[in-house]
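Please keep the sequence and the structure open while I talk.

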Amino acid sequence: MSVTSAATGSWLLRGNDARLSVYAPVEGGVHRWTETAVGSARFSGPDFFPVEGLTSLAVAQGANRYAHFIGRRERPGGDGPKADLVYAVQYQTGRTLGDWRSLGNPYRDPREAASLGAPAAAVDGQGTVHVFVSGGPGGVMLRREAKSGAWEAWKDLRGGAVAGGLSAAANSAGLVELLAPGHRSVMHWVQTEPRADLRRAQDLTPAPVPGSAALLETAPGVFTAYWSEQSGTGVYAQRPGEWAFPAGGAPGEGPHATLRATVDGYDCTVLAHQGRMGTAVLGVCGTGAESGGLWWTDTGLPCVGTPALALDGHGRIVMAMVAADGAVLVNRQRPEPGLVLSDWDRLPSS
């Protein structure tokens, strides 16, 4: 069974036993592959978890390394397809997912409900899942878990029209931030203390490519935002209190995968995206040194959606992507100077 698209968020995750898992939407549900041993480079699977009508999938992970899945689902209705969000959680590496539960749809008007966008999610320091989504009326809607484990009502974060996908993450202090690309800027929301409401922060410019924003913690409690500039000048980066600066590259559509890793003893930032020619592209620089440009490498392999990045249980960089034929490919950092990746391994399809 071929993968239909790449999930959003961190769809290559290291679990609580340090093994990696790969998650991807397929027709009728989700496939999962799991490392057979820590850092082994061998994966079992795929395991199949059914959920009918899935049109997009977001994956998020908290400090306890539980994996949270939020999907956009469409089901037949009397006057057209009915869209809602569904949620499931995996508590331990390689174990089954819990039951899929509906989170509903924040929009009541049928036309607005049908315009429900792809979700994004983040897990705060208390393990609270925050689910974000946009739709026809513009702005962003938030639904999150209450302390009791129930789900709070939808909350309107407002904002302007959203162009493309959202990006959310929690920093090491457990505080959540959200980026929402608009038509002229990247809208930005921040959480200033645990369980607090997210507040609107200053928009980021220049204008973004729709759906291209991403976050990475590059200092304790500090996120750097990355996005592709609308006129094609490449990736931009910005930290709080600083001007946005170009970091090079030639990205196509879609967001960036982000990772901090040690390369040759140096703290580095690693980005991956689908390039302008449709191939998977990897970039690296010293963390905090994006203004000097990233060193970009084109893998030459066409990909579907955004690649994924993670560190395995031995601290090596691992990259995964969905190939043009629907297969999932994985490689990892070789034990030699520089960021040199191994040959691609194709994960089994059945």
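Predicted model: local features only at pLDDT ≥ 70, side-chain atom pairs only at ≥ 80, totals over all residues.

A disulfide, as I use the word here, is a pair of cysteine sulfur atoms within 2.5 Å, and by that cut-off the structure holds zero disulfides. Cysteine 268, for example, is in no disulfide, and the nearest cysteine sulfur to that residue, belonging to cysteine 285, is 7.3 Å away. Residues are numbered from 1 along each chain as its sequence is written, and side-chain values use heavy atoms, with hydrogens and water left out.

For accessibility, buried means under 20% relative accessible area, exposed means over 50%, and partly exposed lies in between, with a 1.4 Å probe and protein chains only. Cysteine 268 counts as buried because its relative accessible area is 8%, and cysteine 303 is likewise buried, at 6%.

Now to the rings. Rings of Phe, Tyr and Trp (for Trp, the six-membered ring) pair if their centres lie within 6.5 Å, with planes under 30 degrees apart called stacked, over 60 edge-to-face, and the rest tilted; the structure holds four such aromatic pairs. One of them joins tyrosine 23 and phenylalanine 69, whose ring centres are 4.9 Å apart and whose planes stand at 65°, so this pair is edge-to-face. Strands here (E, at least two residues) and helices (H or I, at least four) are DSSP runs numbered from the N terminus, and this pair links distant parts of the chain, since tyrosine 23 lies in strand E3 (residues 20-26) and phenylalanine 69 in strand E7 (residues 67-75), 46 residues apart. Both tyrosine 23 and phenylalanine 69 are buried.

Tyrosine 66 and tyrosine 91 also form an edge-to-face pair, at 4.8 Å centre to centre and with 90° between the planes. How accessible are these two? Tyrosine 66 is partly exposed, at 29% relative accessible area, and tyrosine 91 is partly exposed as well, at 48%.

Turning to the strands, two strands pair if DSSP finds at least two bridges between them. Four strands make an open sheet in the order E10-E11-E12-E13, with antiparallel pairing. Strand E10 (120-123) and strand E13 (155-158) are its edges, and each has a single partner strand, so one side of each is left without a neighbour in the sheet. E10 and strand E11 (residues 129-134) are paired in the antiparallel sense over four bridges, and alanine 122 stands opposite histidine 130 in E11.

Another open sheet of four strands has the order E14-E15-E16-E17, again antiparallel, with strand E14 (167-170) and strand E17 (199-204) at the edges. Four bridges join E14 to strand E15 (residues 176-181), and alanine 169 stands opposite glutamate 177 in E15.

Finally, which strand is largely enclosed by the rest of the structure? That is E6, because six of its eight residues are buried. E6 pairs with strand E1 (residues 8-9) in the parallel sense over two bridges, whereas E6 and E7 pair in the antiparallel sense over seven bridges. The hairpin of E6 and E7 has five residues between the strands, and within that hairpin arginine 65 takes a positive phi near 70°.
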